[in-house]
Structures are given as structure tokens and as C-alpha cells.
Amino acid sequence: MAILALENLSKSFGALKVADDVSFTLEEGEALGIIGPNGAGKSSLFNLINGNLRVDSGRILFDGADVTRQPPMARCLAGIGRTFQIPQPFQQLTVFENLLVAAAYGARKTEREVSDRCADILVATGLIARANQPAGSLGLLQRKRLELARALATDPRVLLLDEIAGGLTEAECGELVETIRSIHARGTAIIWVEHVLHALNSVVSRLLVLNFGKVIGIGRPAEIMESQAVRQIYLGIDV
Amino acid sequence: MTHETLSSSSSQAPAAASAWTVTTRNRASSVAALLIVAVLLAGIAAPLFASRSVLQDLFFILTMLTLAQCWNLLAGYAGLVSVGQQAFVGFGAYVMAASVALGGFDPVVAILFGGLAAMLLSVPTALFVFRLHGAYFAIGTWVIAEVVRLLLAQWKALGGGTGTSLPTGVARELPGVRLVADWFGVRPAQAADMVYYWLALLLACAAIGFAYRLLRSKQGLGLAAVRDNGQAARAVGIDPNRIRFAVYLAAAFVTGLAGALIYLQKARISPDAAFSVTDWTAYVIFIVVIGGIGTIEGPIIGVVVFFILRNLFADYGSWYLLVLGLLGIAIMLFAPRGLWGLFTERTGIQLFPVRRILAGGPLTKTIKGGPHG
């Protein structure tokens, strides 16, 4: 059964359509990649799914329940976790406290119940040495890891990753892929928006292509990369 | 990035994983705890050796400290910069006065009524001002305070615009006054000052204790997250409005209690004094800003500095306000975290630590890992 289903989702800002009749489903435990040129509406789609933006029309079903009108905090509690493309840490809290607050609220537990799990996530995401530093003192790469770690702390069933590999070196990217794979292996469904295609394709089993808010294609990565429309629009190759 | 699997991080962490410990304590704070207990004991015993005028000064300091802690909670932690807290001081005071003068209630019960009434008033107030943000929120709270002042100035039974005095003998009806007078062999007027002082001490300690408990709780962490980044807070399941609303209500309750106690001690109330933006908000903001906004220690330092300045310059009229203003501006420019901020940056000492420090065996072992750590 689909854990997440989008039905005819539309959203526009004035004349600009960021989502134009978008429909797709995500199976439980699936990993789906989203690609598309800049401004295609990828981040906006995440904002619609997690409730930061309100849809103009269409429905969002999470685990069979309609969450279209629910605010972001309710969707987080239901099991939708996300990272932000531009990291949004809680600056004055430490790295550990960033996870603690996310886990305590996002999973409705006490601080004591979640502190061990938060520490384990810090180990797994390579942030443990920075646990007691204020998040505001981190560099960009660490901030990106913190985004991932904090989203994991909410114990999501669907994890939305927004360009988390952007700006990483080859080696760092490889480590990140390993981490995301192990998250996926635990059964967490993932939607990953990314420009770094080889990283994306080594994790996801399906790709969705977005352009001007429209779904251009969805299918197995190899098929998608071969399709004419995608090459034309996304890769800018004139055929 | 270490390639540990996430197996142990599934929601039920096994007991073996609990090699981690989380603490908010540090060495300085243990010493500080002793210091606080000593100050508290001295505070409780103060009426036994302090003169009446000193007790009245201490009463002023403690009630201003209570108001400052409330405003600090709003502005320093919840990001709600209110300039309308005088609404709750005045409303609490008026409800107390009405309960005593018209209802004939016991003064201590009347103080509680004052606090509860202020909290009730804060509900419709919040529904209005929470639609506003930043400067508009500030102005909105001020407007509401003026509206409440103008409404209460119409209350003829309590003297309308000129105000009224509480019935003589109210002080003697305070619970414990006769007992204190008998025990210490003092006149009832002095015994009343002692009881007012103890009530103010109790209230200030309760306000500090409440703020500290809140900040150490899950809600306090949520509040800090909301202050730092509202959008990210919502994304991890925190409802910013609910948490701000709760803080706003609690601050109104304690502010109302303080207002009621202040005017019970003054024994005279008028709309202009009880809803004074200078006395109950501007001075309070000054106290918090020079002491250090967003810390519990800041208002304590701030109120002492404020009291000293007030005594030094009170005879110079408008020069006094000028000096306060200039000092406030200087602190904001050169030490935006206040006097306590300056001190704690250099020494690292915190009397009321809230930071959750993660420690434990695995931490020391994994520290060297990570090629880009």
C-alpha cells in the first residue's frame, strides 16, 4: 500500500505555477528520486508535502489519511520528516539539543527517552564530535548533516531530502550515500531531490522528472535518463 | 562520517546503548546552587535585622525583578516583544482593589484574583495581538493596555480617573500580620511591611523557579527552537503558536500577581499609575536589557543596577531618565547580551545552566573519527 499519495496537486504564485496537476504515489519503504532544472518546483513540492505551503487544489494522502489541510507539525507527528535545501538549524541550541528537541516533539517522547537515540544518530551521521557545539558555529557541510540528523530524530516513515549532497566532495558524497542507504535499509521511505545524479541513482529505484511544476516522466532511472523529453528539457540536449 | 549502521537507533534503544549521559550541571553551577541557597536564607531572615525603609526598597526590587523575569520570558525566550505588560499590572491591581474594597475579600485571596483576572484578560488579548508580528505586535499590546486603562477609568466605584485608596486597616487584615507583630514585638504597620516583603520574595522566587523549570523542560527546548527558527520548528513537530500562547498566559498571570501585590502595598490605586507604561514596561525593559536578555541571571543583575541608578539620580528629574536612556543605548551597542552576557562570556559561569551536555564513553572514543571532523 502507498504510504504517500499525491492526487492532482496544484499550486501557483500569481502566474507562476510551482505545481501543476502533480500526481504520484510512494510505496512503503520505497526510495524515489526527483530531478528537474532549477526553478522546476522541486523544493516547493516538498513544502507542499510537509505543509509549509498550502495547496491550491488536489489532495495529499499519508498512510491512507487525508493530510491536505493539516499544518506541518501534525504531518511531522504523522511521520513526514524533511531537510531544508538551505540548512535551517536552531542556531543557539547545540547540535545535540537540535536533535533532542526534534526527537522529543517529533516522536512525542520525553527528553530522557530519546537522548540515547539522538546520540546514536549523531554517531551515524558523523556529528558526534560536535555534539555540544552551538549549531550556529557549524560550517555548511556540517549544517547539511545536521539537517539529515535532525530529520532522522523525528523518526520519520517518509524522509524528504532536499539537495543534501550539493557541494560535497566525491568522498563525502560516497559516505552520505552509505548513510542514506542504511536509513533506507531500515525501511524508511525516501524522496530525494538531487542534482548529483550518480549519487541519486545509486540509492533510488524510481526517478521523477519535474519541469515548470509538471511531472514530465516517472519510472526506472535508466529509462528516465534515456527518454527524449528528459534529455531535451533537463539535460538541455537538442534532439 | 562513520559508517555505523542505524540498528541501535531504532526507537527502543537497548540498555547497552545507555553509555551516554546528559547533564545540565557544571562545576560552577554546583557552587552557585549553594550561593543561591545562602542568599535565599539571608533573604528570608532579612526582616529580622533590616529597617522598614530597607524592607520597602527590597520590596520594590523584588517586585520589579518579578516583572522583569516575566518580560524576559516573553521577549528573551518566546520572541514576544510586548510593551503592554502594564495592562496586566493594572488589571491585576484593579481586580485586587475591587476584591478588597468592594468584595471584602482577604488581601491574599485578592492577589490571587488579580493574577487570575490578568490571565483571563490575556486570552482575548492574545487572540488579537498574536495576529501581529514584530513592531506591530509591540504597538498592539500597548494599544490594548491603553484601552483597558480607559475602561477602568470609567469605574466610578473605584474612583474613576482619579483612583481610590484601599480601606484603612487592610494591611492589618493580612494573614499573619498579627502573628508577626506578636512574635517580633513590632507595631502592626511594620509587621505588615515584613509580610509584604515575604510575599514579594515568595513571588520573585516562584517566578525565577518557574522560568528555570520551564527552560529545563522539553517545552523550554521547544521555545528556544521556535525562537531560533519557526519554520524548522514546525517541521519537527513543534506548534509555535501553542507554546507562545502558553508563555504569554503564564507571564500575564505572574505579572498580574505582581501588580496586585504592588498596589496592595501602596494601598492607593489610580488608572494613570497602575497602567503606567514607564513604570511597568519601560523600566522593566531597561532592567532586562542592561542585565542580559534571554538569561535568568540578567534581570537579577539588571534590577540591582537599576535600583542603584534610581537612588543616585532620582533627585535630578529628567536627567535621571536621560542617564537611563543613554546607558540602555550604550549597552545595546557595545554589549548586546547585557552585563551578565559580558561576565559569562569571559568566565563561562552560569548560575542557572540550561544547556544539555552530552557525555559518555563512546563520545571520547569516536571524537578522533571523521576525515573532515
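Reader: Which residue follows helix 1 of chain A, and what is its phi like?
Author: Helix 1 of chain A is followed by Gly51(A), whose phi is positive, near 95°. Helices here are DSSP runs of H or I with at least four residues, strands are runs of E with at least two, and both are numbered from the N terminus. Please keep in mind that this is a predicted model, in which local features need pLDDT of at least 70 and side-chain atom pairs count only at pLDDT 80 or more, while totals for chains, interfaces and linings use all residues. Residues are numbered from 1 along each chain as its sequence is written, and chains are lettered from A and ligands numbered from 1 in the order in which they are written.

Reader: How many residues of helix 1 of chain A are buried?
Author: The helix is mostly covered, since 9 of its 9 residues are buried. A residue counts as buried if 20 or more other C-beta atoms, placed from the backbone, lie within 10 Å of its own, as exposed if 12 or fewer do, and as partly exposed in between. The buried residues of helix 1 of chain A include Lys42(A), Phe46(A) and Asn50(A).

Reader: Which domains does chain A have?
Author: Domain 1 of chain A takes in 1-78 + 158-239, and domain 2 of chain A takes in 80-155; such bounds come from an automatic or database domain assignment. The centres of the two domains, taken over C-alpha atoms, are separated by 23 Å. Their contact takes 21 residues from domain 1 of chain A and 18 residues from domain 2 of chain A, where two residues are in contact if their C-beta atoms, placed from the backbone, lie within 7 Å.

Reader: Which element gives the most to the side of domain 1 of chain A that touches domain 2 of chain A?
Author: That is strand 7 of chain A, with 5 residues. At least two residues each are supplied to this side by helix 1 (42-50), helix 2 (72-78), strand 7 (158-162) and helix 6 (170-185) of chain A. The residues of this side of domain 1 of chain A divide into 13 nonpolar, 4 polar and 4 charged, with Ala, Val, Leu, Ile, Met, Phe, Trp, Tyr, Cys and Pro counted as nonpolar, Asp, Glu, Lys and Arg as charged, and the others, Gly among them, as polar.

Reader: Why does Asn8(A) count as partly exposed?
Author: Asn8(A) counts as partly exposed because it has 13 C-beta neighbours inside 10 Å. Asp21(A) is partly exposed as well, with 14 other C-beta atoms within 10 Å.

Reader: What does Pro134(A) touch?
Author: Leaving out residues up to four places away in sequence, Pro134(A) touches Gln91(A), Gln92(A) and Thr94(A). Pro134(A) sits in the loop between helix 4 (111-124) and helix 5 (140-153) of chain A, and with 17 other C-beta atoms within 10 Å, Pro134(A) is partly exposed.

Reader: Changing topic, how many helices and strands does chain B have?
Author: Chain B has 17 helices and 4 strands. Its radius of gyration is 23 Å, close to the 21 Å that the globule rule gives for 373 residues, so chain B is as compact as a globular protein of that length. That radius is taken over C-alpha atoms, and the globule rule is 2.2 Å times the number of residues to the power 0.38. Buried residues make up 42% of the 373 residues in chain B.

Reader: And at what angle do helix 13 and helix 15 of chain B pack?
Author: Helix 13 (residues 277-291) and helix 15 (residues 318-334) of chain B pack at an angle of about 35°, with their axes 9 Å apart. Axes are lines fitted to C-alpha atoms, for helices over the stretch in contact, and angles run from 0 to 180 degrees between N-to-C directions. The contact is made by Phe286(B), Val289(B) and Ile290(B) of helix 13 of chain B and by residues of helix 15 of chain B, among them Leu324(B) and Gly328(B).
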